[in-house]
Amino acid sequence: MTMPSEGTVEKELLDFLHVRTKTVWEEDTDLFAAGGLSSLFAMELVVHLEKSYGIAIRGADLRLDNFRTVTGMAALVRRLRAAAGDGGE
Amino acid sequence: MSENNAGDAPNAHRLTILGAGVMGVGIATLAVGHGVPVALIDVDQAKRAEAEARIAHELRLAGLMGALPDDVPTGELVISDSLSDAAGSTAVIEAVTEISELKEKVIAEVSVIVSPGTLLVSNTSSIPIDELASAAARPAELVGTHFMNPSYLIRTVEVIRGARTGEAAMDSVRALLTTLRRRPVVVRDAPGFVTSRVLHPMINDAARVVQEGTATAEDVDALMQGCLGHATGPLRTADLIGIDNLVDSLNVLYERTGDSGCRPCDLLLEKVRAGDIGRKSGRGFYEYEG
């Protein structure tokens, strides 16, 4: 299975959000601020990230603040993939 | 509401939940997430098979939203097909399908299995509690709740005191809800109580507006959220409730109130026929994944 290269995580997430929410988002917009997305959608994001990038998001990483922005999610993906590549935390 | 704010130790409760549908699974998640041991009973093999994974998924969602206490170990979960496993529990919550006959049947059966004095709860969005109480061996032990979905994210719970509900049962339900960190609002018995009596005809109207082509589901929700401050929008709420359950509840309301605004509109009936019953089937007024 091929993974998107590092630089495209943000773009892939923005595309995913566009398709799923029919709204264009900026990388640094708080998706869950007032008038934004629902908490249940947050769980869809968790599942999407785990499936798309082969990561497991657990424990202290599993908190809404990590999923508020595309920038934040991309950072989480990179960190967990790097940790997995290093043979775990 | 919070006079009894200490709450019992979670393992002072042994909760039996009847029905592993959306509400049964959600309430089981809420309970084990607060350290309360749960026996979840369903006669449907397919529902039992997926219940554990669904509860694990919902525990993650609850954790993601910071909705569970950090310092409480998860309560033990037993999944069973036998009502006899309700014996010895301190409380039973039935959360089977929103059809009077089905609820009466399980209430009648379980109330002779548990010891006298055991709290018996019917979780219903619309059916008057005193109708169901007649099925119980001891009607004073039956209390109504109307948990919202997801019950672990919504702190307030509508609690219904039926005409025959006893004070001991009211004390027990308050103690259980305190342990689960829910805030009860106690109301009198009536078809749809407060929340469904107000919300369900409104959702029905929202669907009718879409049916008549006045606006899309997205635009109805955008207006109700943006102009009127509705938290999720009525049609997204319909998907969350489950359109099959919504139609059942509207029928309960229509039969008992005669209010034609409660007669399920064609679009809702069409979606049920097509199997597009909301979030739990992946599609309703919206599409879902994950």
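This is a predicted model: local features need pLDDT of at least 70, side-chain atom pairs count only at pLDDT 80 or more; totals for chains, interfaces and linings use all residues.
Colleague: Which residues does UniProt list under "binding site"?

Modeller: The unreviewed UniProt entry names several positions of chain B, including Asp42(B), Glu98(B), Lys103(B), Ser125(B) and Lys280(B).

Colleague: Where does Glu98(B) lie, between which elements?

Modeller: Glu98(B) belongs to the loop that joins β4 (91-94) to α3 (100-111) of chain B.

Colleague: Does Glu98(B) count as buried or exposed, and why?

Modeller: A residue is termed buried when 20 or more other C-beta atoms lie within 10 Å of its own. Glu98(B) counts as buried because it has 24 C-beta neighbours inside 10 Å. Its contacts beyond four places in sequence include Ser125(B), Asn245(B) and Val252(B).

Colleague: What of Ser125(B), and where is it found?

Modeller: Ser125(B) sits in the loop between β5 (119-123) and α4 (129-133) of chain B. With 27 other C-beta atoms within 10 Å, Ser125(B) is buried. Beyond four places in sequence, it touches Glu98(B), His146(B), Ser196(B) and Ser249(B).

Colleague: Which residues of α5(B) are buried, and what covers them?

Modeller: In an α-helix there are 3.6 residues a turn, so residues three or four places apart point the same way. Among the buried residues of α5(B) are Ala169(B), Val173(B) and Leu177(B). Their cover includes β4, β5, β6 (142-146), β7 (156-161) and β8 (183-188) of chain B.

Definitions and conventions
Residues are numbered from 1 along each chain as its sequence is written. Chains are lettered from A and ligands numbered from 1 in the order in which they are written. UniProt positions are given in the numbering used here, feature names are shortened, and annotations may be inferred rather than shown by experiment. Helices (H or I, at least four residues) and strands (E, at least two) are DSSP runs, numbered from the N terminus. A residue is buried if 20 or more other C-beta atoms lie within 10 Å of its own, exposed if 12 or fewer, and partly exposed in between; C-beta atoms are placed from the backbone. Two residues are in contact if their C-beta atoms, placed from the backbone, lie within 7 Å.
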